[in-house]
Amino acid sequence: QVQLVESGGGLVQPGGSLRLSCAASGFTFSNYAMSWYRQAPGKERELVARISSAGGHINYADSVKGRFTISRDNGKNTVYLQMSSLKPEDTAVYYCNAKNFAYGYDYWGQGTQVTVSS
């Protein structure tokens, strides 16, 4: 049974930091690119950051470059998103995604709410 379980969301003041975690199980984690997406109310889901299966390739949305850092620990089957200098516009539900581009497998977590507000 595939599971992606996000944690670490919450309420934070502008300028603050949070670290999201996504624990994976039920598939070979090291064979999958891992991504964080987010969806704000009334907006489409957007890609925030992606890290390749071995961690050698990383991409960020322009809106988070220099503020967010994605990383993974293949020994712990976990991907992280370190978020710093948070802004109110970062408020969204953040989703973890696992994708095997070669075979088309695509899994999603249930999401974790991040709210940036004073």
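## A disulfide-linked, all-strand chain

Cysteine 22 and cysteine 96 form a disulfide, with 2.1 Å between their sulfur atoms. The model is predicted. A search of the whole structure finds 1 disulfide. The pair links distant parts of the chain: cysteine 22 lies in strand β3 and cysteine 96 in strand β9, 74 residues apart. The chain has 0 helices and 11 strands.

**The disulfide**

- The link of cysteine 22 and cysteine 96 is left-handed, with -80 degrees about the S-S bond.
- Cysteine 22 has a relative accessibility of 0%. Under 20% means buried, so cysteine 22 counts as buried.
- Cysteine 96 is buried too, with a relative accessible area of 0%.

**The chain as a whole**

- From the N terminus on, the elements run β-β-β-β-β-β-β-β-β-β-β.
- The radius of gyration is 14 Å, close to the 13 Å that the globule rule gives for 118 residues, so the chain is as compact as a globular protein of that length.
- The C-alpha trace spans about 40 × 25 × 25 Å along its principal axes.
- Buried residues make up 42% of the 118 residues.
- Take the contacts between residues at least 6 apart in sequence: 53% of them join residues at least 24 apart.

**The open sheet with β3 and β8**

- An open sheet holds 4 strands in the order β1-β3-β8-β7, and the pairing is antiparallel.
- Its edge strands are β1 (3-7) and β7, each of which pairs on one side only.
- From one strand to the next, the twist averages 15 degrees.
- β3 pairs with β8 in the antiparallel sense over 6 bridges. Serine 21 stands opposite tyrosine 80 in β8.
- β7 and β8 also run antiparallel, joined by 6 bridges. Here tyrosine 80 in β8 is the bridge partner of serine 71.
- The hairpin of β7 and β8 has 4 residues between the strands. In this hairpin, asparagine 77 takes a positive phi near 50 degrees.
- In β8, 5 of the 6 residues are buried, so β8 is largely enclosed by the rest of the structure.

**Strand β9 and its partners**

- Strand β4 (residues 33-39) pairs with β9 in the antiparallel sense over 7 bridges. Glutamine 39 stands opposite valine 93 in β9.
- Strand β11 (residues 112-116) pairs with β9 over 3 bridges, again in the antiparallel sense. In β11, glutamine 113 is the bridge partner of valine 93.
- Strand β10 (residues 105-108) runs antiparallel to β9, and 4 bridges join the two. In β10, tyrosine 105 is the bridge partner of asparagine 100.
- β9 and β10 form a hairpin with 4 residues between them. In its turn, glycine 104 has a positive phi of about 80 degrees.

**The nonpolar core**

- The largest nonpolar core has 29 residues. Met34, Trp36, Val79, Leu81, Met83 and Tyr94 touch the most other members.
- Two or more residues of this core come from each of β3 (18-25), β4, β5 (46-51), β7 (68-73), β8 (78-83), β9 and β11.
- In soluble globular proteins, nonpolar side chains tend to be buried together.
- Leaving aside residues up to four places away in sequence, methionine 34 touches residues including Leu4, Phe29, Ile51, Ile70 and Val79. Cys22 and Cys96 are also among the residues that methionine 34 touches.

**A loop residue**

- Proline 41 is found in the loop between β4 and β5.
- Its relative accessibility is 75%. Over 50% means exposed, so proline 41 counts as exposed.
- Proline 41 and valine 93 are 52 residues apart along the chain, and 8.6 Å separates their C-alpha atoms.

Note on methods
Residues numbered from 1 in each chain as written. Predicted model: local features only at pLDDT ≥ 70, side-chain atom pairs only at ≥ 80, totals over all residues. Heavy atoms only, no water. Pairing = 2+ DSSP bridges. Core = buried A, V, L, I, M, F, W, Y, C linked by side-chain atoms within 4.5 Å. Buried < 20%, exposed > 50% of the residue type's maximum accessible area, 1.4 Å probe, protein only. Contact = heavy atoms within 4.5 Å. Axes fitted to C-alpha atoms, helices over the stretch in contact; angles between N-to-C directions. Disulfide = S-S within 2.5 Å. Rg over C-alpha atoms; globule rule 2.2 N^0.38 Å.
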